[in-house]
There are 2 protein chains.
Amino acid sequence: MIQSVDRAARILHELGSGSPTLGVTEIGARLDLAKPTVHGLLRTLEQSGLVSQDVATGRYSLGPRVLQLGNAYLAGSELRSRSMLRAGSLARQVNEAVWVSVLVDDAVMVVHHEFRPDDAVQILEVGATIPWHACALGQAIVAAMPAPEVEALVAAPLRALTGRTRTAPDAVRKALAAVADKGFAVENQEANVGDGGIAAAIFDHGGRAVGSMGVVGPAERLLQRQARSKLSRAVVDTARAVSRDLGASRGLQGDPRVTHRDRPPR
Amino acid sequence: MIQSVDRAARILHELGSGSPTLGVTEIGARLDLAKPTVHGLLRTLEQSGLVSQDVATGRYSLGPRVLQLGNAYLAGSELRSRSMLRAGSLARQVNEAVWVSVLVDDAVMVVHHEFRPDDAVQILEVGATIPWHACALGQAIVAAMPAPEVEALVAAPLRALTGRTRTAPDAVRKALAAVADKGFAVENQEANVGDGGIAAAIFDHGGRAVGSMGVVGPAERLLQRQARSKLSRAVVDTARAVSRDLGASRGLQGDPRVTHRDRPPR
DNA sequence: ATCTGTGTTCGACGATGCTGAACAAGAATC
DNA sequence: GATTCTTGTTCAGCATCGTCGAACACAGAT
């Protein structure tokens, strides 16, 4: 791992989380780096457009190029491109908003947002992140991951977003087991009061959970008995169809997780 | 300038433009770097989530974290946050879609997209880029920039996107002079056939052009005589209001570019 | 089975980035 | 209004850290 690049990435991450603008000294304190070191890193990042400095205050913030890169990521995302059509069909079929998401660290990030067909004005949520344990999208992915990775996620401290968020490790484990058993996850106001969701994992050709998709909306509408079963079936079917598309895209050779080199890194 | 960080940024840029997935050798060839060098950089970027590797093919692509950063950039952008309300008013007033943009290198990037009020289904264009010389948003910004920077942009080769795109340096200079004179730019199918736009620059407290905003839509609707003058006045007024907001946001002391001599009367 | 292609590892050279101290400017304090 | 904190920035030298050539393991094509 190359030191300076890692530090630069850490600076970007710091600028992206929390305060949108930081000073050299502040960054140095947070990352435990000398002031001139941070300065040099920021200067090169600025030259690449990844960071920009406010000429008036001298403080630094993320540059426009990161947005451009984010857009390029979306444009090139195979999961996104392969799920868009089916997400549209699902949204029209059940008349609800549909989200497609990916796990990054301990949160799911929305990579596609299909609007609820009849709602006029809606906010686009692409790029937004939600703690994995507080939404159906996250629970669906995690429940389908290998046990050791799941344990690492469950063991970390889990923040409560509403009064209904599960934070106790045992409760979360139990919930995940239920999700793995049923094949889909249901969330009832665990992230935002009033909102709920139903989601299922999406797998690639090697059986790895690469993301999830599901419906999102008012809990009372989504989670009443008859809607619930209809929605969950539709979601599971669509997610499975996307998984099939992903698997078919590259001739189905064996599981890449157990192929060649199991040599430990370094 | 730190070498390794600059190279890492260049890799990201390469992954973001053109082919969405690249191999180590290919990147090495494009940037004229040794294979192991590229490999080390990629491994570090991958660990930060900025890049991800396809386990099956071994090729690399942008990682989900860049999208997260892009979202953080939007959330923290002062230009965006200060123009959103006024962009909404403008869109409702003239019943057209409104874009707010920033210049990055030789293209404008859309940082905010206000939908045309009565259109039901529209595609969100935030993060998209358009060559500066082929749209009103770009011409408005560039016409308001210092002469040397303008010259550098005009001197570079300009690509034609439609039959109406101006590419000859002299023609572009003439157009920019007209824009600077009138205070707004008009584009007629120079980027996409059928589409046109009217835009004006946005300035910060130091008089620097930090972006632009304008209306976008079918050329025949926007550019007919009476609509054109009504729209251009509304756009100019709104852009000026945003500029005022930006200037007022940090107590109006003197212009930082012209030392202390020209202190404005208070 | 051979061969070119890939991504990857290793080790040693030396360029390269890190650090502590010192600098100029602005803001806040009294 | 002078003082005393800050802040972002510059400059050196030493040692670290990243770079590169050659060699490896595997995949697909010949």
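**Around the DNA strands**

Reply: Helix 3 of chain B gives the most to the surface near DNA strand D, namely four residues. Please keep in mind that this is a predicted model, where local features need pLDDT of at least 70, side-chain atom pairs count only at pLDDT 80 or more, and totals for chains, interfaces and linings use all residues. Residues are numbered from 1 along each chain as its sequence is written, while chains are lettered from A and ligands numbered from 1 in the order in which they are written.

Me: What makes a residue count as near a strand, and how many residues surround DNA strand D?

Reply: The C-beta atom, placed from the backbone, must lie within 6 Å of the molecule or strand. For DNA strand D, 24 residues surround it, and the closest are Gln3(A), Gly23(A), Gly58(A), Ser4(B) and Thr37(B). The elements that give two or more residues there are helix 1, helix 2 and helix 3 (35-47) of chain A, along with helix 1 and helix 3 of chain B. Helices (H or I, at least four residues) and strands (E, at least two) are DSSP runs, numbered from the N terminus.

Me: How do the residues near DNA strand D divide by class?

Reply: There are seven nonpolar, 13 polar and four charged residues. Here Ala, Val, Leu, Ile, Met, Phe, Trp, Tyr, Cys and Pro count as nonpolar, Asp, Glu, Lys and Arg as charged, and the others, Gly among them, as polar.

Me: Which residues are closest to DNA strand C?

Reply: Ser4(A), Thr37(A), Gln3(B), Gly23(B) and Gly58(B) are the closest among the 21 residues that surround DNA strand C. Helix 3 of chain A gives the most to this surface, with four residues. By class, the surface near DNA strand C has seven nonpolar, eleven polar and three charged residues.

**Helices and the chain contact**

Me: Why are helix 1 and helix 2 of chain A called roughly perpendicular?

Reply: Helix 1 (residues 3-16) and helix 2 (residues 24-31) of chain A pack at about 110°, with their axes 11 Å apart. Axes are lines fitted to C-alpha atoms, for helices over the stretch in contact, and angles run from 0 to 180 degrees between N-to-C directions. Angles under 35 degrees count as roughly parallel, over 145 as roughly antiparallel, 65 to 115 as roughly perpendicular and the rest as oblique. The two helices of chain A are therefore roughly perpendicular to each other.

Me: Which residues of helix 1 and helix 2 of chain A meet?

Reply: Arg7(A), Arg10(A), Ile11(A) and Glu14(A) in helix 1 meet Ile27(A), Arg30(A) and Leu31(A) in helix 2. This contact has three nonpolar, no polar and four charged residues. Two residues are in contact if their C-beta atoms, placed from the backbone, lie within 7 Å.

Me: How many residues does each chain bring to the contact between chain A and chain B?

Reply: Chain B gives 47 residues and chain A gives 47 residues. On the side of chain B, helix 4 supplies the largest share, 13 residues. That side divides into 27 nonpolar, 16 polar and four charged residues. Helix 4 (residues 64-76) of chain A lies across strand 3, strand 4 and strand 5 of chain B, at about 115° to strand 3 of chain B.

Me: What makes strand 5 and strand 6 of chain A edge strands?

Reply: Six strands of chain A form an open sheet in the order 5-4-3-8-7-6, with antiparallel pairing. Two strands pair if DSSP finds at least two bridges between them. Strand 5 (129-131) and strand 6 (185-188) of chain A each have a single partner strand, so one side of each is left without a neighbour in the sheet. On average, neighbouring strands of this sheet are turned by 30° against each other, direction ignored.

Me: How do you know that strand 6 and strand 7 of chain A pair?

Reply: Four bridges link them in the antiparallel sense, and the definition asks for at least two, so they pair. Val186(A) stands opposite Ile198(A) in strand 7. The two strands form a hairpin with six residues between them, and Gln189(A) in the turn has a positive phi of about 60°.

Me: How many bridges join strand 7 to strand 8 of chain A?

Reply: Nine bridges join strand 7 (residues 195-203) to strand 8 (residues 209-218), and the two run antiparallel. Phe203(A) stands opposite Ala209(A) in strand 8.

Me: And which strands are at the edges in chain B?

Reply: Chain B has an open, antiparallel sheet of six strands in the order 5-4-3-8-7-6. Strand 5 (129-131) and strand 6 (185-188) of chain B are the edge strands, each pairing on one side only. Strand 5 is joined to strand 4 (residues 107-114) of chain B by three bridges, and Ile130(B) is the bridge partner of Val108(B).
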